[in-house]
Structures are given as C-alpha cells and as structure tokens.
Amino acid sequence: MRLMQESEEEREMESSSRCGSIVELGFQEKSMKMVVVGYALTSKKTKSFLQPKFEGLARNKGIFFVAIDQTRPLSDQGPFDIVLHKLTGKEWQQILEDYRLNHPEVTVLDPPDAIQHVHNRQSMLQDVADLNFSDAYGTVGVPKQLVIEKDPSSISNAVKKAGLALPLVAKPLVAKSHELSLAFDEYSLEKLEPPLVLQEFVNHGGVLFKVYIVGDAIKVVRRFSLPDVSKRELSRSAGVFRFPRVSSAAQSADDADLDPCIGELPPRALLESLSRELRRRLGLHLFNLDMIREHGTKNRFYVIDINYFPGYGKMPEYEHIFTDFLLNLAKSNYKKRATSIP
C-alpha cells in the first residue's frame with residue numbers, strides 16, 4: 001500500500017537514493033560523522049532541490065540524501081538523522097506522526113500539523129496578525145482579508161459588511177496554487193470561484209520581497225509584483241484579471257534600476273526579529289514570506305503569503321546555507337542525545 005494518495009505526477013518519486021543506499025554509503029568513511037537525510041519529495045521537487053552542486057557540497061561535508069521508499073514502512077528504513085519531506089495526504093501525515101513518536105531521536109522537517117496550518121490561507125497569516133509586530137525598524141501586519149467558502153452571489157454583500165476596499169486580491173483558500181485574481185468592482189466579485197480568500201490590495205510599487213528562512217538563516221530577494229492601482233485607474237477599470245503566478249523566478253528585480261524608496265530591502269534587524277518570532281509560533285524551520293512595503297512609506301510592511309519548503313533552488317547561495325543548517329541541526333541532535341544518556 002502506498003503511503004499517500006496523490007496525483008500520478010505527485011506520486012512519481014526517485015525509486016532509489018541519488019547518493020546510494022545507506023549500506024552502499026557503507027560507512028565507507030568511518031572517520032567522518034555522517035548525517036543521513038531521508039527525503040520524501042515529488043520528482044519535480046527532487047529535481048529542483050537536489051541539484052548536483054548541492055549534492056556534491058553536501059557529500060563533501062558528510063551529508064547523504066537517501067530516498068524514502070513509499071512502498072515500505074518508514075520505520076523499517078534508515079536509520080535517519082533527519083527526515084525531509086513535502087508530501088500531502090492524511091495517510092502520509094499519520095505515518096509521519098507515528099514515526100515521530102517512535103523515533104524521537106530523528107528530526108522531521110517539518111511537523112505535519114504545523115505545515116497544514118500554513119497550507120490554509122485562513123489560518124496562514126493569523127500568527128502574523130496576532131504578533132502585531134512593531135519595533136524601531138518598522139511595523140509588519142497583514143492586509144485586511146475575508147474568507148469566502150461558497151456562494152459567489154453572496155461575495156459582494158460580505159465584502160461590504162466586512163468593510164473591505166476595492167480592488168481585492170482573490171487567492172485559493174488552500175495554498176496549493178500560486179494563481180491569484182484582482183477584482184476591480186463589486187459586480188465582478190460574483191465571477192470569483194470559492195472557496196477563496198479576499199485580501200485588500202496594498203499599493204507597493206510593484207516590488208515584492210521574498211524572505212527565505214532556513215532555520216536561523218535569512219536570505220531576501222526582490223521580485224516584480226502587480227503594479228500599483230491609482231484611484232483614477234480604479235474608477236476606470238472593471239472586471240476580474242487573473243494572474244497564474246506573479247513572483248516567478250523569471251521576474252527577478254534584484255538587478256533592476258529601482259527607486260530606492262521602492263527597492264530598498266526591509267531592515268535586516270526587523271527580518272531577524274520577525275523570522276525568529278514566526279519560527280517559534282509556526283513551529284517551522286523551512287518557509288518563506290512574501291512581504292511588501294506600502295508605497296509611500298519607509299517602514300510599513302505587510303506579509304501577504306507564507307510558503308512551506310519553497311523553491312530553495314532559486315535562492316542565492318542555497319547550497320551553503322542549507323548544508324550548514326543540516327549540519328547544525330544534526331550537531332544539536334547529537335548533543336541532546338549525549339546529555340539524555342544516563
């Protein structure tokens with residue numbers, strides 16, 4: 001029986017480790033403290049994440065990646081120091097939860113219940129909103145939003161009742177898709193397809209900041225985003241405009257000649273404090289934030305999306321950042337085990 005229910009593409013996995021089995025690793029270099037990472041990723045994620053340069057660097061540092069066989073019980077595989085995964089399905093979640101209980105010495109990246117929390121856009125940004133973050137470097141909030149679970153004809157009244165201002169960004173309630181829509185008038189709202197989340201659109205100079213978080217490490221890149229909407233444009237526009245993926249890798253803004261007021265990265269100290277708090281609240285090690293700066297302000301920021309285990313292959317220097325993270329995590333685990341031994 002397979003460990004999870006997924007589409008044919010999602011079920012396609014590497015049938016064997018790209019670095020060989022644990023026996024083949026053979027403890028061939030007994031002098032080296034090996035870190036064995038079992039991974040359960042889709043074939044697409046495996047290809048984008050386990051790039052040759054990354055695998056080579058990891059191997060040189062004593063980190064070996066072993067594919068988890070979905071056709072065998074997880075507890076019969078390994079032994080692993082770390083389990084890295086990004087698969088969905090209730091059966092897979094239960095398998096991981098059982099494995100965590102039976103193998104507390106293994107770090108599972110990340111806990112299934114914590115991942116599920118950010119897969120739902122109704123709960124995804126709640127921790128950011130509850131944090132109500134503010135320090136000497138700026139404030140961080142979330143746009144005003146509304147969840148619509150069904151009945152498109154009720155959207156207009158619900159928007160009025162909630163006091164949301166047009167235009168509105170519409171996103172699928174379950175964060176499996178990066179597709180979004182921009183609705184300019186109330187009459188077009190019934191064209192949207194629930195379940196979805198509606199967010200007030202905040203003008204941000206057409207630039208978005210992707211904040212990659214890998215444990216304690218932070219890396220920020222700029223991406224082009226939706227352009228600002230003026231009051232004049234809003235009064236002259238109608239309908240719903242659909243965007244399949246706004247902040248794709250092809251739209252990097254890191255080398256663009258931007259107005260400093262728009263392109264300046266958020267203060268490092270602010271990001272460090274924010275990511276530390278969110279790691280604690282979310283219970284996650286691997287995620288990114290989509291952040292924007294409200295146009296016309298210097299230090300008013302909004303988090304508009306959170307993604308678990310994002311496309312780290314697009315993050316500059318991810319090979320070194322990720323290998324250091326895995327080594328530090330394994331070292332911390334070894335210390336915990338040593339102190340727990342009577």
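Tyrosine 212 stands opposite asparagine 288, a residue of strand β14. Helices (H or I, at least four residues) and strands (E, at least two) are DSSP runs, numbered from the N terminus. This is a predicted model, in which local features need pLDDT of at least 70 and side-chain atom pairs count only at pLDDT 80 or more, while totals for chains, interfaces and linings use all residues. Residues are numbered from 1 along each chain as its sequence is written, and side-chain values use heavy atoms, with hydrogens and water left out.

Strand β11 runs antiparallel to β14 (residues 286-293), and six bridges join them. Two strands count as paired if DSSP finds at least two bridges between them. Strand β12 (residues 217-224) is also antiparallel to β11, with eight bridges. In β12, lysine 219 is the bridge partner of tyrosine 212. β11 and β12 form a hairpin with two residues between them, and glycine 215 in this turn has a positive phi of about 60°.

## How β11 is enclosed

Is β11 buried or exposed? Buried means under 20% relative accessible area, exposed over 50%, and partly exposed in between (1.4 Å probe, protein chains only). Eight of the eight residues of β11 (residues 207-214) are buried, so the strand is largely enclosed by the rest of the structure. Both faces are covered: one side carries Val207, Phe209, Val211 and Ile213, the other Leu208, Lys210, Tyr212 and Val214.

## Aromatic rings

Which residues do ring pairs link into a cluster? They are Phe49, Phe54, Phe65, Tyr212, Tyr308, Phe309, Tyr312, Tyr318, Phe322 and Phe325. Rings of Phe, Tyr and Trp (its six-membered ring) pair if their centres lie within 6.5 Å; planes under 30 degrees apart count as stacked, over 60 as edge-to-face and the rest as tilted.

The structure holds 13 aromatic pairs. One of them, tyrosine 308 with phenylalanine 309, is edge-to-face, at 6.0 Å centre to centre and 85° between the planes. Phenylalanine 309 also pairs with tyrosine 312; this pair is tilted, at 5.8 Å centre to centre and 45° between the planes. Relative accessible area is 4% for tyrosine 308 and 0% for phenylalanine 309, and both count as buried. Tyrosine 312 is buried too, at 1% relative accessibility.

## The five-stranded sheet

An open sheet of five strands has the order β7-β10-β8-β9-β13, with antiparallel pairing. Its edge strands, β7 (145-148) and β13 (240-243), each pair on one side only. Neighbouring strands of this sheet are turned by 25° against each other on average, direction ignored. Axes are lines fitted to C-alpha atoms, for helices over the stretch in contact, and angles run from 0 to 180 degrees between N-to-C directions.

Within the sheet, five bridges join β8 (residues 168-172) to β10 (residues 196-200), which run antiparallel. Proline 172 has leucine 196 in β10 as its bridge partner. Helix α9 (residues 155-162) packs on the sheet, touching β7, β8 and β10, and its direction makes about 150° with that of β7. Contact means heavy atoms within 4.5 Å.

In α9, Ile155, Ser156 and Val159 are buried. They cover an arc of only 100° around the axis, which puts them on the same side of α9. The arc is that of the directions from the helix axis to the C-beta atoms. What covers the buried residues of α9 includes β7, β8 and β10.

On the other side of α9, Asn157 and Lys161 are exposed. Just after the helix, glycine 163 takes a positive phi of about 75°.
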